[in-house]
Amino acid sequence: MEKLQTKNKAQRVNNYNVTKVAVAYGDGIGPEIMDATLKILDAAGANIQADKIEIGEQVYLSGNSSGIEKSAWETINKNKLILKAPITTPQGKGYKSLNVTLRKALGLFANVRPVSAFAPYVETNFAGMDVVVVRENEEDLYAGIEHQQTQDVVQCLKLITRPGCEKIVRYAFEYARAYGRKKVTCMVKDNIMKLTDGLFHNVFKEIALAYPDIESNSQIIDIGSARLAATPQNYDVIVTSNLYGDIISDIAAEIAGSVGMAGSANIGTNVAMFEAIHGSAPDIAGKKVANPSGLLNAAIMLLSHVGKTQIADNIKNAWLKTLEDCYHTADIYQEAITKEVVSTGEFANRVIDNLGKLPTQLPVSKLSEGNGEIKIPEYVRKEQKQVLVGVDIFINWKGKNPNEIGDILNNINSFKMKLKMITNRGVKVYPNGLAETYCTDHWRCRFVDIDSKIDGEKIYNPVDFEKVIALQSILHHKGFEVIKTENLYEFDGKRAFSLGQGE
Ligand code: NAD
């Protein structure tokens, strides 16, 4: 993040420095809304040097399955900033999602999506809503590590890392400070996922202490999303992991009534990408009726990101004033208030005419009132003592009676390792399971040292890894199919694995 900080500082000193940006005109309405956006930036003196890059439909159709030319990567690496219009992914097999490719290749760890209501100028039930969703972008179930393990069972690994949590949570608090926001809400499901979501939540509580000037609170994601949908005006910044963030950012945009108006940022340590949240709208492409507001709001985020917050405010306020003046593109037309339905280009001209003016009804943009700087320190790893205390061995077994497999495994005493329990889909079925529990062909068999005792968090005796390997070999020779193993560890004397339901 060092580079980002230096850049921000330099650009705050002189708002009028040239900012070089890799610009993708995209497909469908992309070129129309990009032209309108760049025209407004130019008129506001944003001093953007647009380096055009080729991505999208034509690149896909030329046989490049990732949808991005090699030369585009070079421009991105040089400029470190991308302003991207929406693209069309052709139908058919084998085309990789360009957004996922860019996000992963460039390490864009934070997805930032501010969503506001603009009532009464854009129809919504939630006037006063002004929420920013900060979503972790690289980890969680979206790491894409999936396996079919038995005929009946597939799995997707949910990976949550401490460095990943620290980076996104710090980003959320720093964002709040940089743009004058007051509260950060964490959304997790750690009542169920005590280790993964528990880590995210613990990191949130630790880092919140370093930001006493910003209010913080936490909510369980299910009730949190319901409350967001019911009373969005009570939220300011929300930070959450990848899947939850994907869902709640769409809920937020939908209820604000501004899917066509919202921009979003994908922020990495070295590179940042800004785009509208809507797609390429092929149904209206070429008709000059598209609303350029989503891309314009993305460009405003880009300007704030590089420290040109005054120019960002000027453009945002001119845009808000244009909404208030009721010059609307067709998508936000309302019979009762729209003065004139304008084309994409006419809308841009109205915004340009309003530069220097402030809205009188909608809240004035005050991005420049925050400290404008986002600082993410390097992750510092604190070593912990890791001790192997057992193993979960997953077995593919077609039988239905847990006592049958349990009694066989219970008789295995390999180097003092002993069966502790068997679960099926997380529910304990042996010993003393309930007959009602439905069992699949996927059995988790937990083995620990024979003398282990449960005593609060401190449970098991250390186990030698050689014994774990020997145990698998014995199971294999007894005819069981071992489909995977998970080592059981203690970290700094604390149990670091979940217990089976009913264990
Ligand atoms: P879409 O967002 O393009 O369109 C949905 C509806 O909203 C359409 O009726 C469209 O006319 C309207 N709309 C969208 N943006 C508008 C604007 N700025 N002004 C006025 N009306 C607007 O979603 P879709 O139809 O599901 O997808 C079309 C294409 O876009 C697909 O190929 C999809 O893969 C792609 N897509 C790209 C991105 C991206 O590049 N980030 C994101 C989403 C979808």
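This is a predicted model: local features need pLDDT of at least 70, side-chain atom pairs count only at pLDDT 80 or more; totals for chains, interfaces and linings use all residues.
Let me begin with helix 7, which runs over residues 196-208 and so numbers 13 residues in the DSSP assignment. From its first C-alpha to its last, helix 7 reaches 19 Å, which is close to the 18 Å expected at 1.5 Å a residue. As for burial, the buried residues of this helix are D197, G198, F200, H201, V203, F204, I207 and A208.

Now to the aromatic rings, where a search of the whole structure finds 9 pairs. In one of them, F109 and Y171, the ring centres lie 6.0 Å apart and the planes stand at 85°, and because planes over 60 degrees apart count as edge-to-face, that is how this pair is classed. The pair links distant parts of the chain, since F109 lies in the loop between helix 5 (98-105) and strand 4 (110-116), whereas Y171 belongs to helix 6, 62 residues apart.

Finally, which rings have the charged end of a lysine sitting over them? The charged end of K52 sits over the ring of Y25, at 5.2 Å from the ring centre, while the charged end of K484 sits over the ring of F394, at 4.9 Å from its centre.

How values were computed: Residues are numbered from 1 along each chain as its sequence is written. Side-chain values use heavy atoms; hydrogens and water are left out. Helices (H or I, at least four residues) and strands (E, at least two) are DSSP runs, numbered from the N terminus. The expected span of a helix is 1.5 Å times one less than its number of residues. Buried means under 20% relative accessible area, exposed over 50%, partly exposed in between (1.4 Å probe, protein chains only). Rings of Phe, Tyr and Trp (its six-membered ring) pair if their centres lie within 6.5 Å; planes under 30 degrees apart count as stacked, over 60 as edge-to-face and the rest as tilted. A charge sits over a ring if NZ of Lys or CZ of Arg is within 6 Å of the ring centre and within 35 degrees of the ring normal.
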